[in-house]
Amino acid sequence: MNEQRLSSAETEISAQGLPATAPEVPADLARQAVEWWFQLQEEPDSTLLQSQWHAWRAQDPLHEQAWQRIQAVQQRLQGLGDTPLAALARSALVSMRGGDRRRAVQALLLLVLGGGAAWQMEAHLPWRNWVADVRTARGERRRLTLPDGTQLVLNGGSALDIAFGATERRLLLRAGDIHVVTAVDSQQPARPLVVQTEAGEMWPLGTRFTVNVAEGQRSLVAVYEGAVRLRPRLQPQQERVLPAGQQAWLDMRGVAAAVPAYEEQSAWIDGMLVARNMRLDAVLQALQPATTVSLVCHPAVAGLKVSGTYPLDDVPRIMATLGTLLQLQVRSMRRWWGGQELAIGPMGAL
């Protein structure tokens, strides 16, 4: 159903873009206009900001042209009514918060720059994540029991499609992390359960495991009970069975060497982070799904090692604790798109 919904939206994108005769806007000025748009959304009552904005528009005819382009984009969105594309676009441009607002910036910038052609965003933005069957925001975890009894936990910032058919049970993980406890299918003959990511497929063999979708078209699979058959998308003949107590990276062409998987790695399903001599940058990466605040680690301290158990319901407090333990500076900053950022680094370096 989601594929049909997306296909309909893509057709509408192609057919209802901005007029082909709309004037082109230089990329640097388009980004400036987008920045102004988001600042005005965040501070609509600021007299100083309004004055600065008017001065910027009057500074150069190209500035005014860039701003008018944004106005044209807004009018086009309003004209789309309650169509699938309108819902997607408004979700991107209005509802996104925190780090996800950057995606909205990209979306609006593409629209401003490219006219009708820029509506073809599928290759640039994760539209499919936004229309997935099940989604979680950062800071949210969700537990699900599927019709066959399989139990799932989704970490923050995850997107999952569920497709149960006559011959198989398929879970398509588009983003984030899931914890899976499989159940025996009651139908006869039993349908196999398949977890799919961009990297390939995972065929659980009576098991409990986690899957993390990482950047670079890779997925990390950790098995805690049973076993999972990993099948690379482009070279399925390179499949490998991963037993309990092991984890491995799966990419489209193969499976990396397995290393031990520890039970505490899945502590996030209970709202905890257990660090065992983890790099500081890896700790921040593990904390990120639990908060809408963007977490940044200074490169100079990324390799510092961290151990301990931390509750995930108060990430700013964890950051403050890490700063004290490691004698580092933690600085909170508010970005122009309205999101908050917490950075950790050497004293005086932030």
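Strands S4 and S5 form a hairpin, with 4 residues between them. The model is predicted.

**Strands S1, S4 and S5**

- Strand S4 covers residues 159–164, and strand S5 covers residues 169–181.
- S4 and S5 run antiparallel and are joined by 6 bridges.
- Within this pairing, Ala159 stands opposite Ala175 of S5.
- S4 also pairs with strand S1 (residues 134–135), again antiparallel, through 2 bridges.
- Val134 has Leu160 in S4 as its bridge partner.

**Helix H9**

- H9 runs from residue 315 to residue 326, which makes 12 residues.
- From first C-alpha to last, H9 reaches 16 Å, close to the 16 Å expected at 1.5 Å a residue.
- The buried residues of H9 are Val315, Ile318, Met319, Leu322 and Gly323.
- These residues lie on the same side of H9 because they cover an arc of only 140 degrees around the axis.
- The face turned away from the buried side carries Arg317, Thr324 and Leu325, which are exposed.
- The cover over the buried residues of H9 includes helix H8 (280–287) and the strands S14 (294–297), S15 (305–311), S16 (329–334) and S17 (340–345).
- After H9 comes Gln327, which has a positive phi, near 55 degrees.

**Nonpolar cores**

- The largest nonpolar core has 26 residues.
- The members that touch the most other members are Leu280, Val283, Leu284, Leu287, Leu295, Leu322 and Ile344.
- Two or more residues of this core come from each of strand S13 (272–279), H8, S14, S15, H9 and S17.
- Apart from this core lies another, of 23 residues, including Leu146, Leu152, Leu193 and Ala199.
- Leu322 is buried in H9 and belongs to the largest core.
- Leaving out residues up to four places away in sequence, Leu322 touches Leu280, Val283, Leu284, Val306, Tyr310, Gln327 and Ile344.

**Glu225**

- Glu225 is part of strand S8, which spans residues 218–232.
- Its relative accessible area is 42%, so Glu225 counts as partly exposed, a class that lies between under 20% for buried and over 50% for exposed.
- Glu225 and Pro243 are 18 residues apart in sequence, and their C-alpha atoms are 7.7 Å apart in space.
- Setting aside neighbours within four places in sequence, Glu225 is in contact with Gly206, Thr207, Arg208 and Ala244.

Technical notes: Residues are numbered from 1 along each chain as its sequence is written. This is a predicted model: local features need pLDDT of at least 70, side-chain atom pairs count only at pLDDT 80 or more; totals for chains, interfaces and linings use all residues. Side-chain values use heavy atoms; hydrogens and water are left out. The expected span of a helix is 1.5 Å times one less than its number of residues. Buried means under 20% relative accessible area, exposed over 50%, partly exposed in between (1.4 Å probe, protein chains only). The arc is that of the directions from the helix axis to the C-beta atoms. Contact means heavy atoms within 4.5 Å. A nonpolar core is a set of buried Ala, Val, Leu, Ile, Met, Phe, Trp, Tyr and Cys residues joined through side-chain atoms within 4.5 Å. Two strands pair if DSSP finds at least two bridges between them.
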